[in-house]
Amino acid sequence: MEVINAIGRRKSSVARVYLTEGTGQITINKVDLTKYFPSAILQYVVKQPLNLLEVAEKYDIKVNLDGGGFTGQSQALRLAIARALVKINPEDKKTLKSQGFLTRDPREVERKKPGRPKARRRFQFSKR
């Protein structure tokens, strides 16, 4: 099997995934998954598509993660892994889509408007 690559995005995070056959090793920016995401919840989020298809120990994953915070990065990585798994086996698409792992979350940060402290917040009104 050759290297399968896919991309996933969330907020301002970008995850580029390279999937090969192996033993289930996940390396993010040349660091192990457990060191990059110490939180068990974030590790669970990253492994969700692998656990759903029961292929967690079948593939080695190398990831380039860039931008955003840890939550956005973990969700971008989840999307990228799901897309790579669909490239390997298109029959898994229905299962992953039903769980929402192939849907890109479109929410982005709204820009700050002039004359306001934040995007929608207004300065306090004073009648007198």
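1. Arg-10 is buried, at 8% relative accessible area. Buried means under 20% relative accessible area, exposed over 50%, and partly exposed in between (1.4 Å probe, protein chains only). The model is predicted: local features need pLDDT of at least 70, side-chain atom pairs count only at pLDDT 80 or more, and totals for chains, interfaces and linings use all residues. Residues are numbered from 1 along each chain as its sequence is written, and side-chain values use heavy atoms, leaving out hydrogens and water.

2. Arg-10 has a salt bridge to Asp-105 (3.4 Å, N to O). The pair ties together parts 95 residues apart in sequence, because Asp-105 lies in the segment after helix 4 and Arg-10 in strand 1. A salt bridge is a side-chain nitrogen of Lys or Arg within 4 Å of a carboxyl oxygen of Asp or Glu. Helices (H or I, at least four residues) and strands (E, at least two) are DSSP runs, numbered from the N terminus.

3. The count of salt bridges is five. Among them, Glu-108 meets Arg-104, with the closest N and O atoms 3.2 Å apart. Glu-108 is partly exposed, at 45%. Arg-104 is partly exposed too, at 28%.

4. Now the strands. Strand 1 (residues 4-10) and strand 2 (residues 13-21) pair antiparallel over seven bridges. Pairing requires that DSSP finds at least two bridges between two strands. Ile-4 stands opposite Leu-19 in strand 2. The two strands form a hairpin with two residues between them. Lys-11, in the turn, has a positive phi of about 50 degrees.

5. Strand 2 also runs antiparallel to strand 5 (residues 59-66), joined by eight bridges. Tyr-18 has Lys-62 in strand 5 as its bridge partner.
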